[in-house]
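Please read the points below with the structure open beside you, and follow each named residue as you go.

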Amino acid sequence: QVQFVESGGGLVQPGGSLRLSCGTSLSMFSIYTMGWYRQAPGKQRELVAYISSARFTIYDDSVKGRFTISRDNAKNLVYLQMDSLKPEDTAVYYCNGVDSQLRAYFDSWGQGTQVTVSS
């Protein structure tokens, strides 16, 4: 079973920044499109950014221009740099693979990392 471990969340004021990290046990990590998802209270989990094996990146409109996804294939790590944070970014953030229909590739999820944006 694939394991994901997310870290880097916390409490930050509006306009602040955080950098999330995700480590995974996934073998042949480099061939997978990887994504960051988030789930706010009372809402469904949504995909906010993903990066292909060729490092092509796509962002949801809600985070475009503020978030940057990257990956380190040598270390099996995916990052999410979050700048200009807004209260509506408050959520638990998860990473997972992304399939061709932009759904989570794997059934297993990590514990996520909580991001709270509040003054």
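**Notes on the predicted model**

1. Strand S5, which covers residues 46–51, pairs with S6 in the antiparallel sense, and 3 bridges join the two. A place to look for this pairing is Ala49, which stands opposite Tyr59 in S6. Please keep in mind throughout that this is a predicted model.

2. Stepping back, the pair belongs to an open sheet of 6 strands, whose order is S2-S10-S9-S4-S5-S6 and whose pairing is mixed. At the edges are strand S2 (10–12) and strand S6 (57–59), each of which pairs on one side only. From one strand to the next, the twist averages 25°.

3. With S4 it pairs in the antiparallel sense over 6 bridges, and the bridge partner of Arg38 in S9 is Tyr93. S9 and S10 also run antiparallel, joined by 3 bridges, and here Ala91 stands opposite Val115 in S10. Because 7 of the 7 residues of S9 are buried, the strand is largely enclosed by the rest of the structure.

4. The largest nonpolar core has 29 residues, and those that touch the most other members are Met34, Trp36, Ile69, Leu80, Met82 and Tyr93. At least two residues of this core come from each of strand S3 (18–24), strand S4 (34–39), S5, strand S7 (67–72), strand S8 (77–82), strand S9 (91–97) and strand S10 (113–117).

5. Of charged contacts, the structure holds 5 salt bridges. One of them joins the side chains of Asp61 and Lys64 at 3.0 Å, N to O, and both of these residues are exposed. Another brings together Arg66 and Asp89 at 2.7 Å, N to O. Arg66 lies in the loop between S6 and S7, and Asp89 in the loop between S8 and S9, so this pair ties together parts that are 23 residues apart in sequence. Both Arg66 and Asp89 are buried.

6. In a further salt bridge, the side chains of Arg103 and Asp99 meet at 3.3 Å, N to O. Arg103 is partly exposed, with a relative accessible area of 48%, whereas Asp99 counts as buried because its relative accessibility is 17%, and buried means under 20%. Elsewhere, salt bridges that share partners join Arg38, Glu46, Arg66 and Asp89 into one network.

7. Among the 6 aromatic pairs found in the whole structure is the edge-to-face pair of Tyr94 and Trp109, with 5.8 Å centre to centre and 80° between the planes. Tyr94 lies in strand S9 and Trp109 in the loop between S9 and S10, so the pair ties together parts that are 15 residues apart in sequence. Tyr94 is buried, at a relative accessible area of 12%, while Trp109, at 28%, counts as partly exposed. Arg45 accompanies both rings: it lies over the face of Tyr94, at 4.6 Å from the ring centre, and its charged end sits over the ring of Trp109, 3.6 Å from the centre.

8. Which residues form one aromatic cluster? They are Phe4, Tyr32, Tyr105 and Phe106. Tyr105 and Phe106 form a tilted pair, 4.9 Å centre to centre with 55° between the planes. Tyr105 is partly exposed, with a relative accessible area of 44%, but Phe106 counts as buried at 13% relative accessibility.

Notes. Residues numbered from 1 in each chain as written. Predicted model: local features only at pLDDT ≥ 70, side-chain atom pairs only at ≥ 80, totals over all residues. Heavy atoms only, no water. Pairing = 2+ DSSP bridges. Helix = DSSP H or I, 4+ residues; strand = E, 2+ residues; numbered from the N terminus. Axes fitted to C-alpha atoms, helices over the stretch in contact; angles between N-to-C directions. Core = buried A, V, L, I, M, F, W, Y, C linked by side-chain atoms within 4.5 Å. Buried < 20%, exposed > 50% of the residue type's maximum accessible area, 1.4 Å probe, protein only. Salt bridge = Lys/Arg side-chain N within 4 Å of Asp/Glu carboxyl O. Phe/Tyr/Trp six-rings, centres within 6.5 Å; stacked < 30°, edge-to-face > 60°. Lys NZ or Arg CZ within 6 Å of the ring centre and 35° of its normal.
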